[in-house]
Amino acid sequence: MAIWIVSLIIVVFVVLLITERIPLELTAIGMMAALMLSGVLNPIDAVKGFASPAVITVGAMFIISRALVRTGVVGVISEKVIHHSHGNAKLAKLLILVTVAGSSAFINNTPVVVLFIPIVLSVSCEYNFSPSNYLIPISYTSILAGTCTLIGTSTNIIVSDLSFMYGYGDLGMFELSPLGVPIAVLGVAFLYLFSSRVMPGHAAPTCELQGGEGKKYLAELLVPEESQFVHEQANRLFGEKYPTVELFEVIRGFRIFYPHRDKVEILPGDLLFVKSSVNDLMAMLSERMVKLPYSTEDDEFPYGDRESLVVELIVQPQSTLLGERLLNIDIHRDPGVSIIAVKRQNVHYTEQRIRNLRLRTGDIVLVRCPSQKLDQIRAKNDFIIVEDVHYTIIHKQKARWSILIFCGVVGAASVGLADIMVCAMTGVFLMILAGCIQLREAYSSIQGSILILIAGTIAIGTAMEKTGAAKLYAETFLALFQNLGPHFVLAGIMLLTSMGTHVMSNNAAAIVVLPVAIAAAVSLGVNPKPFIVGVCFGASACYATPIGYQTNLMVYGPGRYRFSDYLKLGIPLNLLVLALGSLFIPILWPF
């Protein structure tokens, strides 16, 4: 009876996933509730997926990915891809796919995909193409490359260990390469040629929010004695290090110099009147290149400050501060708040001198203040607070730390020093400790809907194993091939494993099918090794649904995909892998 209940729940689950009548995460929650209410799983078993290493690893990787973006690492890699592609979007796509494939053959593909999701979004803005054309292909490429070596995916390692336990020897490091590499090459070529034709053309969300060169603010900055700007020529002061900064005036006492016409050397105490992006403003302040001249105290702007936020304050029409000088309002006198810059639409910059500015409706004041003071500012109803700007600031000085931590996570997981989940959690801890990302932003970077869906698929996999449904399905399916030769049975084993990995995890599918496959080989009187290898390739043939593999789920949100989008490339890719495996495994690993 339990098997019939599980079967019915699976059918309903798959139908809801495909039709998307309700959100995917809600479908997963409903499925877990159905398994508990029907008595198939007790509450602990139904929700234990939330404590699964897969869920925790993916959640940790979301945080690490955001830290790599915030420290500028992703931006640097994106610039390298753009530079080496020489303005050719197709070449950029090829570079991305080849890099993903080369990396995923030797390291866990989850951090590889995590790194490349924001890179694809960034490059798509530069070349004005849809990231939806790239994100599913990079996930599929990482899975394809994982079959090239023993360490390319944890499934290969599990199958190797089980093979040794059953007495048929383990798999060598490059034993799968003679077939895995050609399949990966053909698969990547297929994705490169056809993904742009069948994938949706959604614009990147990040591009839709961009406004050309980006928002710039006016600021007056004081040059301290210790600044590296001292004795530099004003007309080449900022260069490539602070590319968005425009210098309008150098104010020295009662004299004003104009860098575009006056040759002037910067001296301590000079006041610089500039227009700049928030990133370069914060970088100069954090690096002590400049200071705020009107601050009530000697402000420090450390990278990764856990207590303060940089926010925009927009003057409301009913504000009591209209007409007041900016430097006379209460916020300026608050020792915990620093006024950094201002922005006013459609007014020439000479009318916006900070010390003379009188507030008007719509003026934007860029400030840094402790997060607990935001409620006090909001309560006075003089400003609209916009926190989004804080999450666009790039902390370049922390880039080395984030690269070091990310490489440590990948390296430790690749050599087996620790499990990928342990490495990922340690990486999150170090990223936050080093100031690469704030704790509150770490929380917001986790995509809860994806984690719920992973937990739901784990629950259905547990139900299939606990009720014996998985084994029954496997034996019933293979009974269709019992009077056929080993070639047909091998093809059936690979197809069964691939079908299983779209419902359960690929590791669970391999664990369930492998003993059935070995038993089938023994009954046929042939060498079980081809069947063991077939399970490896079948378990990685998980392209047809977003729930087939965790990297497929990770690109679901950023690519704004539908469930059906995975079928367009996934089914042909599945058939390609299964067909090539069925044909060439018996040649490379004879019966």
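This note goes through the overall build, the salt bridges, one surface patch and some loop residues.

1. **Basis.** This is a predicted model, in which local features need pLDDT of at least 70, side-chain atom pairs count only at pLDDT 80 or more, and totals for chains, interfaces and linings use all residues. Residues are numbered from 1 along each chain as its sequence is written, and side-chain values use heavy atoms, with hydrogens and water left out.

2. **Overall build.** The protein chain has 24 helices and eight strands. Both are DSSP runs numbered from the N terminus: helices are H or I with at least four residues, strands are E with at least two. The C-alpha trace spans about 100 × 50 × 40 Å along its principal axes. Of the contacts (heavy atoms within 4.5 Å) between residues at least 6 apart in sequence, 79% join residues at least 24 apart.

3. **Burial and surface.** Of the 591 residues, 55% are buried. Buried means under 20% relative accessible area, exposed means over 50%, and partly exposed is in between (1.4 Å probe, protein chains only). The chain exposes about 25,600 Å², and carbon and sulfur atoms supply 62% of that. Areas come from the Shrake-Rupley method with a 1.4 Å probe; for residues, only the protein chains shown count as cover.

4. **Charge.** There are 42 positive and 43 negative charges, and their mean positions are 4 Å apart. Lys and Arg count as positive, Asp and Glu as negative; His and the chain ends are not counted. Each charge is placed at NZ of Lys, CZ of Arg, CG of Asp or CD of Glu.

5. The whole structure holds ten salt bridges. The criterion is a side-chain nitrogen of Lys or Arg within 4 Å of a carboxyl oxygen of Asp or Glu. Asp45 is buried at 18% relative accessibility. Lys466 is partly exposed at 48%.

6. **Two further salt bridges.** Lys568 pairs with Asp565, with closest N and O atoms 3.1 Å apart. The two are three residues apart in helix α24, so about one helical turn separates them. Asp565 is buried at 5%, while Lys568 is partly exposed at 39%. Asp262 pairs with Arg261 at 3.7 Å between the closest N and O atoms. Arg261 is exposed at 59%; Asp262 is partly exposed at 23%.

7. **Nonpolar patch.** Leu91, Leu94, Leu95 and Val98 make a nonpolar surface patch of about 270 Å². Patch residues have over 30% relative accessible area and no salt bridge; like charges are joined within 9 Å, nonpolar side chains (Val, Leu, Ile, Met, Phe, Trp, Tyr) within 5 Å. Leu95 sits in helix α6 (residues 89-104).

8. **Positive phi.** Most residues other than glycine have a negative phi. Asn381, not a glycine, has a positive phi of about 65°. Its loop runs between α14 (374-380) and β8 (383-386). Arg560, also not a glycine, has a positive phi of about 50°. Arg560 lies in the loop between α23 (550-554) and α24 (565-588).

9. **Gln233.** This residue is in the loop between β1 (217-222) and β2 (246-252). Gln233 is buried at 16%. Leaving aside neighbours within four places in sequence, Gln233 contacts Lys263, Val264 and Glu265. The C-alpha atoms of Gln233 and Glu265 are 4.6 Å apart, across 32 residues of chain.
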